[in-house]
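The following account is intended for a reader who meets this structure for the first time. It moves from the overall arrangement to individual elements and then to single residues.

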Amino acid sequence: MKIYISGPMSGHVDKNRSAFNAAERLLRRGGYRPLNPVRNGVDEAAPYLDHMRADLRMLLEADAIAVLPDWERSNGARIEVGLAQSLNMNVRPLPDFVFDTPEESDVFSAVCDRFSVPRSKVKTVCEVSQAVGALVAMFGALAMKAPDNPVGWAWNICLPLIFGGLALTCAGHAFGRRLEEAR
């Protein structure tokens with residue numbers, strides 16, 4: 001299945017490439033064929049319109065769309081999602097695709113058993129992991145913007161905090177969603 005990745009680019013450091021590339025890796029690991037607009041074949045310096053034309057062509061090749069966090073704040077992503085919805089394409093957050101493989105239900109049970117978490121308490125654990133993940137990511141982002149932040153520190157500490165926090169948030173969301181479906 002081909003999945004187009006949609007999310008915010010404008011106003012982000014390096015056009016949010018790291019988030020798009022991380023999403024591509026996760027989707028590929030899940031057995032999907034990701035379509036990453038970062039790799040649309042258009043020169044980086046080309047006008048916005050040229051990029052949107054190429055991105056929409058990629059979108060039309062997709063079977064579904066995985067949206068990144070804060071996609072609603074991006075004009076381009078809203079256009080992509082609107083087009084996809086008008087074509088009755090499947091539009092879901094990235095975690096829904098990444099944790100929507102058959103093995104994940106086994107992982108869910110294994111995590112509950114391993115940490116002796118009663119299934120009745122998993123929703124609370126998922127909500128806490130989402131909140132902690134968001135705080136860790138926010139701390140990493142704030143530390144990265146510190147004026148006296150050395151470059152090595154940014155790459156070695158801040159980015160892992162940001163992506164680790166995002167991964168924890170996504171995992172909490174996905175496991176919480178799976179719990180709701182199981183009920």
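The paragraphs below describe the chain as a whole, then its sheet, its helices and its loops.

The model shown here is a predicted one. Its protein chain contains 7 helices and 4 strands. The protein chain has 183 residues, and buried residues make up 39% of them. Its accessible surface amounts to about 10800 Å², and carbon and sulfur atoms account for 60% of that area. When contacts between residues at least 6 apart in sequence are considered, 67% of them join residues at least 24 apart.

The 4 strands form an open sheet in the order β2-β1-β3-β4, with parallel pairing. Strands β2 (33–35) and β4 (90–93) stand at the edges with a single partner strand each, so one side of each has no neighbour in the sheet. On average, and with direction ignored, neighbouring strands of this sheet are turned by 30° against each other. Strand β1, residues 2–6, pairs with strand β3, residues 64–67, in the parallel sense over 4 bridges. Within this pairing, Tyr4 has Ile65 in β3 as its bridge partner.

Two helices may now be placed against these strands. Helix α1, which comprises residues 17–29, lies across β1, β2 and β3 and runs at about 160° to β1. Helix α2, residues 48–61, also packs on the sheet, where it touches β1, β2 and β3. The direction of α2 makes about 145° with that of β1.

Helix α1 has 13 residues, and the distance from its first C-alpha to its last is 18 Å, close to the 18 Å expected at 1.5 Å a residue. Its buried residues are Arg17, Ala19, Phe20, Asn21, Ala22, Ala23, Glu24 and Leu27. Just after α1 comes Gly31, which takes a positive phi of about 90°.

Helix α2 can be examined in the same manner. At 1.5 Å a residue, its 14 residues should span 20 Å, and this agrees with its end C-alpha atoms, which are 20 Å apart. The residues His51, Met52, Ala54, Asp55, Met58 and Leu59 of α2 are buried. Because these residues cover an arc of only 165° around the axis, they lie on the same side of α2. Arg57 and Leu60, on the other side of α2, are exposed. What do the buried residues of α2 pack against? Their partners are β1, β2, β3 and α3 (75–86).

Is Val38 buried or exposed? Its relative accessible area is 18%, and because buried means under 20%, Val38 counts as buried. If residues up to four places away in sequence are not counted, Val38 touches Met9, Arg17, Phe20 and Asn21. Among these residues, Arg17, Phe20 and Asn21 also belong to the buried residues of α1. Phe20 is 18 residues from Val38 along the chain, and the C-alpha atoms of the two are separated by 7.0 Å.

Two further loop residues concern the backbone. Asp70, in the loop between β3 and α3, has a positive phi of about 65° although it is not a glycine. Its relative accessibility is 38%, so Asp70 counts as partly exposed. Asn88 is placed in the loop between α3 and β4. The phi of Asn88 is near 60°, which is again a positive value in a residue other than glycine. With a relative accessible area of 72%, Asn88 is exposed.

Leu166 is situated in helix α7, which covers residues 151–182. It has a relative accessible area of 34% and is therefore partly exposed. Leu166 and Pro69 are 97 residues apart along the chain, and their C-alpha atoms are separated by 9.3 Å.

Technical notes:
Residues are numbered from 1 along each chain as its sequence is written. This is a predicted model: local features need pLDDT of at least 70, side-chain atom pairs count only at pLDDT 80 or more; totals for chains, interfaces and linings use all residues. Side-chain values use heavy atoms; hydrogens and water are left out. Buried means under 20% relative accessible area, exposed over 50%, partly exposed in between (1.4 Å probe, protein chains only). Contact means heavy atoms within 4.5 Å. Accessible areas come from the Shrake-Rupley method with a 1.4 Å probe; for residues, only the protein chains shown count as cover. Two strands pair if DSSP finds at least two bridges between them. Axes are lines fitted to C-alpha atoms, for helices over the stretch in contact, and angles run from 0 to 180 degrees between N-to-C directions. The expected span of a helix is 1.5 Å times one less than its number of residues. The arc is that of the directions from the helix axis to the C-beta atoms.
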